[in-house]
Amino acid sequence: MRLLSDASEYALRAVVWLAQCPREAQKVRDIAVGTRAAPGYLVKVLQGLARAGILSAQRGIHGGFTLVRDPAGLSVWEVVNAVDPIERIHHCPLGLETHHNGLCPMHQRIDDAMAAIEAGFRESMIEDLLDHPPCPQPPCELEAGAEHDARND
């Protein structure tokens, strides 16, 4: 069982990656390489994050995506919710008449677990996911640095 969809996983990886490259517009292909995401799908995720006000998108040769929210005030829940909201159980998914006033014990426990996950995501800020102390080179520079190091070996 997967807790997060591919969209949520891509969104989190992209936001963390962009948080390590503050105020620098990044091209989709560079984000895709840096986060090991499929570019065609990633662009849709990035557009969803931009619609939610988490990223800005700028077209053109100097364009790209930039994180506009402060990582210290941006929760994992906000990122996930922007692209693929976590669904809670409000009614019996089986449609049983005996459960019309509430959830059965099994579905109540599942919903309680989802509530705990949601609370954990709300309390976890993107800043918490960044390397501390900050890495000497943000991920957007790792590819070039790795190539340089390989040539010098």
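Biologist: Under what value does pLDDT stay over residues 133-137, and how many contacts beyond four places in sequence does the model have for them?

Modeller: This is a predicted model, and pLDDT is the predictor's confidence in each residue, from 0 to 100. Over residues 133-137 pLDDT stays under 50, and the model has 3 contacts beyond four places in sequence for them. For residues 142-153, pLDDT also stays under 50, again with 3 such contacts.

Biologist: Where in the protein is confidence lowest, and where is it highest?

Modeller: Helix 7 (residues 139-152) is lowest, at a mean of 45, while helix 4 is highest, at 96. For the protein, the mean pLDDT is 83, and 84% of the residues reach 70 or more.

Biologist: How many helices and strands does the protein have, and what pattern do they follow along the sequence?

Modeller: There are 7 helices and 2 strands. Along the sequence they read α-α-α-β-β-α-α-α-α.

Biologist: Let's take one residue. Why is T35 called buried?

Modeller: Buried means under 20% relative accessible area. T35 has 6% relative accessibility, so T35 counts as buried. You will find T35 in helix 2. Leaving aside neighbours within four places in sequence, T35 is in contact with R13, A14, W17 and L42.

Biologist: What makes the pair of T35 and I31 a polar contact?

Modeller: A polar atom of the T35 side chain lies 2.7 Å from the backbone oxygen of I31. The cut-off for a polar contact is 3.5 Å, and 2.7 Å is within 3.5 Å.

Biologist: And H91: buried or exposed, and how do you know?

Modeller: Exposed means over 50%. H91 has a relative accessible area of 65%, so H91 is exposed. H91 sits in the loop between helix 4 and helix 5. H91 and C104 are 13 residues apart in sequence, and their C-alpha atoms are 9.5 Å apart in space.

Biologist: What makes you call helix 1 mostly covered?

Modeller: Of its 14 residues, 11 are buried. Among them are Y10, L12, V15 and W17. From its first C-alpha to its last, helix 1 reaches 20 Å, close to the 20 Å expected at 1.5 Å a residue.

Biologist: How do you know that the buried residues of helix 5 are on the same side?

Modeller: The buried residues are H107, D111, M114, E118 and F121. They cover an arc of only 75 degrees around the axis, which puts them on the same side of helix 5. An α-helix has 3.6 residues a turn, so residues three or four places apart point the same way. The buried residues of helix 5 pack against helix 4 (76-83). On the other side of helix 5, P105, R109, A116 and E123 are exposed.

Biologist: Which residues have the most contacts inside the largest nonpolar core?

Modeller: They are L42, L46, L49, V79 and I126, in a core of 33 residues. Helix 1 gives the largest share of this core, 10 residues. In soluble globular proteins, nonpolar side chains tend to be buried together.

Biologist: Which residues does L46 touch, not counting those up to four places away in sequence?

Modeller: L46 touches A14, V28, I31, L55 and F65. Touching here means heavy atoms within 4.5 Å. Across the protein, 65% of contacts between residues at least 6 apart in sequence join residues at least 24 apart.

Key: Residues numbered from 1 in each chain as written. Predicted model: local features only at pLDDT ≥ 70, side-chain atom pairs only at ≥ 80, totals over all residues. Heavy atoms only, no water. Buried < 20%, exposed > 50% of the residue type's maximum accessible area, 1.4 Å probe, protein only. Helix = DSSP H or I, 4+ residues; strand = E, 2+ residues; numbered from the N terminus. Arc of directions from axis to C-beta. Core = buried A, V, L, I, M, F, W, Y, C linked by side-chain atoms within 4.5 Å. Polar contact = N/O pair within 3.5 Å; in protein donor to acceptor, adjacent residues only side chain to side chain. Expected span 1.5 Å × (residues − 1).
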